[in-house]
Structure formats: structure tokens, C-alpha cells
Amino acid sequence: MNETPLIPAGVKRCSKWQFSLWMAAVTAVLLWGVYAMFLIWYKGLNQTNMNNAYGFALWIWADLAVIALGGGAFFSGFLTYIIGKKELKNIINFAVIIGFICYSSALLILAIDIGQPLRGWFIFWHANVHSMLTEVAFCLSCYFAVLTIEFIPLILENPKIDKVPFFHHLGHNMHGIMAIFAATGVFLSFFHQGSLGGVAGVLFGRPFAFREHIFIWPFTFFLFTWSAAACGPCFTILVTWITEKITRKKLVKDSVIQLFAKISGWMIITYIIAKTIDTLYWAFVTAPGLGFKLMDFYASPTYNIGLLFTEIVLCGFVPGLILITKRGRENSFSLMTAVILAVIGVCINRWVMVLQVMAVPVLSFNEWYTYMPSWQEIATTVLPVAYGLIVISLAYRYLPVFPQEKELNPID
Amino acid sequence: MFPFSFEWAWDMSHMVFMGGLWYALSIIGAGLTFCIIKAVIDTSRDGKQEPDHH
């Protein structure tokens, strides 16, 4: 089959056999995950190592992590369409694709985690309106619909599809009112990112997670939204950088990356100051009020105080300070170091708010709980990574994802 | 989700929660419907003309 009509004009792509080889390798990993997924659906959640102590496990961490990392989509939409940072139009397509992958992965993981996916619709139909998780389910599903709507015009820009007049007009019209969809996405993201944090913050039986409230919302509600808006753009920058290294092309101008990094840096630094205040208040007021000392939560070899230092200082203040300085952003090594640290930081935050919460002994006669995921859990967590690689590869090959690519890589 | 679901109650929690959901769904649905209808109209106006590239 001749692929040329499918590939956007004015750009160069690798040969068909190279692409097929790469896709075959990634598909093999994907199939491993799909096999584990069907095993879980067929045999049940006994395929996992979850137990009464660990009702939330690796999947929920992966879920929260990909949702935080996918935050680059809503935040770049907010900056581009609502604040008016038009320069970010050069990276927003990719941010939307990454967001689409992250949110579809989150929904897939949830479909596996609930054990009985055929009853997944119950959460909508028989909604418990007092549950933070219901709010998460509503906003997550609706925001995924928004991301799909944001992704469709890009798919319709494929040279072959764009030749069909209806699709051409549909894409054009969707571009025209994208600000409305983006604003809806920001509204939905604020609530589901926040409610994911709220789930931990309202657990008054788990003093490691419990936080003071502002009206009905615990501090973690605001910190989760803030951290997703801060670190999501870093993940977008990181994936863009990886794509540039693999394709050996410059795809986005440095000025765009640095603007995105600067905004992200200020978000990280303000977030981490708020997180530090929250941690100090929790350590010296909230936890003692519930009968715990700070070091009670860090008395395990795995969960020691070094983890808190890594999250707040190494993966919080350090990347934030690098990204808010011009010299830090202009040096590609320090820029990428900061971006990677920020991504690790938000993943650690989600890890401790899911898994350390479960591990900490609550009663005086309890020990630290341990948990090791089964291979089925690992395979189904790797599955979204392989899926993401496939979507990015197809999108990069067949869609005009990067508006500056032609200008930065002229074909002789 | 709907007033005809057996557990529905006309209380503040349901109205705020479900109001938010239906508000978001309405915007998404109306926006998408507008785009599709306008695309049908634009296509029929174009007739057999070559589409202009934006």
C-alpha cells in the first residue's frame, strides 16, 4: 500500500518497514497486557495481590499518576484558549494527545480494577451523590469526552480524511468553538483532580492521609489540582523531548518549550510552598490531634523520612527553582533534569497518598502492611504505556501534530 | 442519574451534583451538535466545489 497520501505534506517519516518493526515490538508488549487483562476479567480479582489491607493498590496509583501527568492537556488548553497564550498552540496538539492517552488509560485501568466492568455504568445510574469517587467518575468520563472532541479535529486534518468535504468542515467548525470545549475541560478537570485528592483527605480513620478542610474540601483537594496543573506540562515537555530524540528532529521551538516550562516552574514553586505549609500543619497540629507523631508515619525501611524529603525538596523545590530561572530553562540539561524530577515528584506524591496510606499501621497492635503486585497487575499497568506509544507513533506519522515541524525541518 | 431512578431524591445534594453533570453534558452535546449541523449545511452549500483549506 502506498502511504504517501496519508502522510502530511512537507514532512519526512521513517520507512514503512522500520515503522512496522517498531509497531510489532510495542504491540507484543500490548498483547502481554491484554492477556493479563482478560485473565483478570475471566478469573476475577484473585489474579491480583490485593487484600483487605490493600483495597487500593498499584492500579489506583497508576490511575492517579496518569491523571496527574495528563493534566498538561487541560492546563495548556486553559493557557491557550482562556488566558490567550497563543504561542502554546504549537504544542497543544501534542498535549491533547498525551491527555487523551492518559485519560483513556485511566478509564481502562478502572474498568479492570472494578472487576465487573459490565456493571461500570452503575456509578452513573445509581450515583452516590455524597461520594468523592462519584464526582471523579462523572468528571473523568466527561473530560475524556472533551479530550476526544479536542483530538478529533486533528485526526480530521489527515490529508486523506481532509479531502472529504464534510470532515473538512466538521474539523474547521470544531476548531472554531474549541475555547468552549477547553473551558468545559478546565471546569471538569478542576473537580476530578481535586476530588481524587479529596478521597485521601477525608479519610479520618487514616491519620496519614487526613487533612483539615476548607468548607467541605480537604486541603488535598486543592493540592492535587495544583500539582496536576504544575507537573502535567512537565510531562508534556518530557514526552516531546523523547519524541524529538527518537525522530532526531526538532519539533517545537525552544521559545515555546521555555514559556511552557516557565509557567510550569511558577506553578511548581507555588504548589510546593502550599504543600510544605500543608505538611507542617498536618505534622504539628492534625496528626498529633489524632494521637500520632510525624515519625510514626515514617518508621518503615521502605517508607522512611527520605521519601518526604525526596518528594518536597528534591522533586519539588529543586525543579521549581530551576524552571523559574532563565539560565535554568535555557540550559537543556538542567531543563530536562527539572522536568524529570517534577514528573517523578508528582508520581511519588500519588504513590504515598495511595499506597503509604494503606501501609501505615493505624492501631497500636498493627504492623506495617506490605504488598507486592502480581505479574498480572504489572502487565496491566504496562499495557497503557504500550498503548500510549502506539497512539503517539500513529499520530506522529499520519497527523500534523507539530505545526512548527515543517519550518524547523525543511525538506530539500 | 434520572428523576425516575428509584433512589432519586429532590434534595440539594442531587440537584448540585446532577446539575453539574447535566450542565457539562449539555455543553458538550450542544457544541458537538452545532458543529455537525453546521458541517452538513456548509457541505451542502459547497456542492461540488473543492474545499478551501484553513
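## Where the two chains meet

The contact takes 25 residues from chain A and 23 residues from chain B, where two residues are in contact if their C-beta atoms, placed from the backbone, lie within 7 Å. On chain A, the elements that give two or more residues to the side touching chain B are α5 (122–125), α6 (132–156), α8 (165–176) and α9 (178–201). Here α8(A) gives the most, with 8 residues. Sorted by class, that side of chain A has 18 nonpolar residues, 7 polar and no charged. For these classes, Ala, Val, Leu, Ile, Met, Phe, Trp, Tyr, Cys and Pro count as nonpolar, Asp, Glu, Lys and Arg as charged, and the others, Gly among them, as polar.

A word on the model: it is predicted, so local features need pLDDT of at least 70 and side-chain atom pairs count only at pLDDT 80 or more, while totals for chains, interfaces and linings use all residues. Residues are numbered from 1 along each chain as its sequence is written, and chains are lettered from A and ligands numbered from 1 in the order in which they are written.

## α6(A) alongside α1(B)

Now for one helix pair across the two chains. α6(A) and helix α1 (residues 12–46) of chain B pack at an angle of about 15 degrees, with their axes 10 Å apart; axes are lines fitted to C-alpha atoms, for helices over the stretch in contact, and angles run from 0 to 180 degrees between N-to-C directions. That makes the two helices roughly parallel (angles under 35 degrees count as roughly parallel, over 145 as roughly antiparallel, 65 to 115 as roughly perpendicular and the rest as oblique). The crossing of α6(A) and α1(B) is left-handed, meaning that the near helix is turned anticlockwise from the far one by less than a right angle; clockwise would be right-handed.

From α6(A) come Phe138(A), Cys142(A), Ala145(A), Val146(A) and Ile149(A), and from α1(B) come Leu21(B), Ala24(B), Leu25(B), Ile28(B) and Leu32(B). By class, this contact has 10 nonpolar residues, no polar and no charged.

## The two chains overall

Chain A has 16 helices and 2 strands, counted as DSSP runs numbered from the N terminus, with helices being H or I of at least four residues and strands E of at least two. The radius of gyration of chain A is 22 Å, close to the 22 Å that the globule rule gives for 412 residues, so chain A is as compact as a globular protein of that length. That radius is taken over C-alpha atoms, and the rule is 2.2 Å times the number of residues to the power 0.38. Along the principal axes, the C-alpha atoms of chain A fill a box of roughly 70 × 55 × 35 Å. Among contacts in chain A with a separation of 6 or more, 80% are between residues 24 or more positions apart.

Of the 412 residues in chain A, 46% are buried. A residue is buried if 20 or more other C-beta atoms lie within 10 Å of its own, exposed if 12 or fewer, and partly exposed in between, with C-beta atoms placed from the backbone. Chain B has 1 helix and 0 strands, and 9% of its 54 residues count as buried.

The contact of α2(A) with α4(A) has 11 nonpolar, 1 polar and 2 charged residues.

Helix α3 (residues 71–83) of chain A is mostly covered, with 10 of its 13 residues buried. Among them are Phe74(A), Phe75(A) and Tyr81(A). The buried residues of α3(A) pack against α2, α4, α6, α9, α10 (219–247) and α11 (254–289) of chain A. After α3(A) comes Gly84(A), with a positive phi near 95 degrees.

## Some loop residues

Phe56(A) sits in the loop between α1 (16–43) and α2 of chain A. Phe56(A) is partly exposed, with 19 other C-beta atoms within 10 Å. Leaving aside neighbours within four places in sequence, Phe56(A) is in contact with Val354(A) and Met358(A).

Phe215(A) is not a glycine, although its phi is positive at about 55 degrees. Phe215(A) is found in the loop between β1 (213–214) and β2 (217–218) of chain A, and is exposed, with 5 other C-beta atoms within 10 Å. Arg248(A), in the loop between α10 and α11 of chain A, also has a positive phi, near 55 degrees. With 8 C-beta neighbours inside 10 Å, Arg248(A) counts as exposed.
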